[in-house]
Amino acid sequence: MGSQKNAQKRKLIGLNIALHRKEKGLTQEQLAEAVGKSLSYISQIEANSKGANPTLDTLIDISESLDVDLHRLLNIEYLLSALKELNE
């Protein structure tokens with residue numbers, strides 16, 4: 001059960017990363033270059049595909065590259081409220 005719940009949270013965090021990246025006007029390629037990771041890895045994180053499970057260091061690098069506080073990047077409630085606003 002916990003593993004499935006964590007997978008759902010990782011998916012929401014990936015969506016949150018994508019949301020912040022798009023708000024900054026960056027492509028996945030630009031973010032990948034900024035954090036020193038491959039484009040495919042950033043894509044996997046955002047889509048939570050292939051069980052992408054970024055390290056804390058990678059999440060810190062992403063948050064700094066997006067100029068977003070790490071707490072906000074990992075804040076699932078922020079994402080849910082943003083998605084609700086988009087659907088209204």
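Start by selecting the charged side chains: the chain has 11 positive and 12 negative ones, and the centres of the two sets lie 9 Å apart. Lys and Arg count as positive here and Asp and Glu as negative, with His and the chain ends not counted; each charge is placed at NZ of Lys, CZ of Arg, CG of Asp or CD of Glu.

A word on what you're looking at. This is a predicted model, where local features need pLDDT of at least 70, side-chain atom pairs count only at pLDDT 80 or more, and totals for chains, interfaces and linings use all residues. Residues are numbered from 1 along each chain as its sequence is written, and side-chain values use heavy atoms, leaving out hydrogens and water.

Next, switch to cartoon view. You'll find 6 helices and 0 strands, with the elements running α-α-α-α-α-α from the N terminus. Helices (H or I, at least four residues) and strands (E, at least two) are DSSP runs, numbered from the N terminus.

Now colour by pLDDT, the predictor's confidence in each residue, from 0 to 100. The chain's mean is 88, and 95% of its residues reach 70 or more. Where pLDDT is low, the predicted coordinates should not be read in detail.

Finally, zoom out to the whole chain. Its C-alpha trace spans about 30 × 30 × 20 Å along the principal axes. Of its 88 residues, 33% count as buried, meaning under 20% relative accessible area with a 1.4 Å probe, protein chains only.

Note on methods: Buried means under 20% relative accessible area, exposed over 50%, partly exposed in between (1.4 Å probe, protein chains only).
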